[in-house]
Amino acid sequence: MKQREKIIPLASKNVLEIGIGSGLNLPFYTSEVKKLTAIDPSKELWKRTLVNTQQLPFNFQFIEASAESIPAISNSFDCVVITYTLCTIPNLTKAFSEIKRVLKPTGKFLFCEHGKAPENGIQKYQNIVNPVWKKIGGGCNLNRNIPTLIEENGFTISKLETIYLPGWKPASYNYWGIAKIK
Ligand SMILES: C[S@@+](CC[C@H](N)C(=O)[O-])C[C@H]1O[C@@H](n2cnc3c(N)ncnc32)[C@H](O)[C@@H]1O
């Protein structure tokens, strides 16, 4: 929740959240947001939300969809938000190409993710555990290098912060920040 608090309030205007899950980010959006469109391939997860979306201070729409095929016209969002989802998306190349299509050229991409740790020892452990973790964790990967993936897929990161959250080190190295289309 502390991580969400750092990144979600930076969202403004017409926003797309990818992989909303059960909506844990919703309380952190401010009235700077005019409309929030949220997508997730799992309607089941979304149904578990505890948030009354009627009471949000902006228009809200949930659409059952994946990042690899975003049901929106090109250049339609001022901001795309993603948290703890880049670890799971199966086809990141397709997903980033869709994000670049729907995000306005001047728009911002806000992210907060866990991923590849900086130490060799932890990285080795992440790589060993990953196949099993992925199976039991709904497709989640422990060892994705999030900043590199963002940069390799056509974005420039203008702000990046990292931290180990308390807990099991292989799953707790967090990256968060802001990126723009190159
Ligand atoms: C660990 S949960 C994170 C949920 C939420 N973003 C959060 O921060 O609490 C990962 C989410 O990614 C979603 N997801 C999985 N594959 C996806 C895809 N291809 N496109 C978009 N979301 C996907 C899952 O359904 C799930 O809601």
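This briefing walks through the sheet, the nonpolar core and the ligand surroundings of the structure above. Please keep in mind that the model is predicted. Seven strands form an open sheet with mixed pairing, a nonpolar core of 38 residues is the largest one, and 19 residues surround the ligand.

**The sheet**
- Reading across the sheet, the strand order is S3-S2-S1-S4-S5-S7-S6.
- Strand S3 (59–64) and strand S6 (155–164) are the edge strands, each with pairing on one side only.
- On average, neighbouring strands of this sheet are turned by 15° against each other, direction ignored.
- S6 and strand S7 (residues 173–181) run antiparallel and are joined by nine bridges.
- Tyr164 has Tyr173 in S7 as its bridge partner.

**A helix across the strands**

**The nonpolar core**
- Within the largest nonpolar core, the residues that touch the most other members are Ala11, Val15, Val80, Val81, Phe109 and Phe111.
- At least two residues of this core come from each of S1, strand S2 (33–40), S4, H3, S5, helix H5 (146–152) and S7.
- Leaving aside residues up to four places away in sequence, Val80 touches Leu16, Ile18, Ile99, Leu103, Gly107 and Phe109.

**Around the ligand**
- Gly19, Gly21, Ser42, Ala67 and Thr83 come nearest to the ligand.
- The shell around the ligand contains nine nonpolar, eight polar and two charged residues.

Technical notes: Residues numbered from 1 in each chain as written. Predicted model: local features only at pLDDT ≥ 70, side-chain atom pairs only at ≥ 80, totals over all residues. Near = placed C-beta within 6 Å. Nonpolar A, V, L, I, M, F, W, Y, C, P; charged D, E, K, R; others polar. Pairing = 2+ DSSP bridges. Helix = DSSP H or I, 4+ residues; strand = E, 2+ residues; numbered from the N terminus. Axes fitted to C-alpha atoms, helices over the stretch in contact; angles between N-to-C directions. Core = buried A, V, L, I, M, F, W, Y, C linked by C-beta atoms within 7 Å. Buried ≥ 20, exposed ≤ 12 C-beta atoms within 10 Å, placed from the backbone. Contact = placed C-beta atoms within 7 Å.
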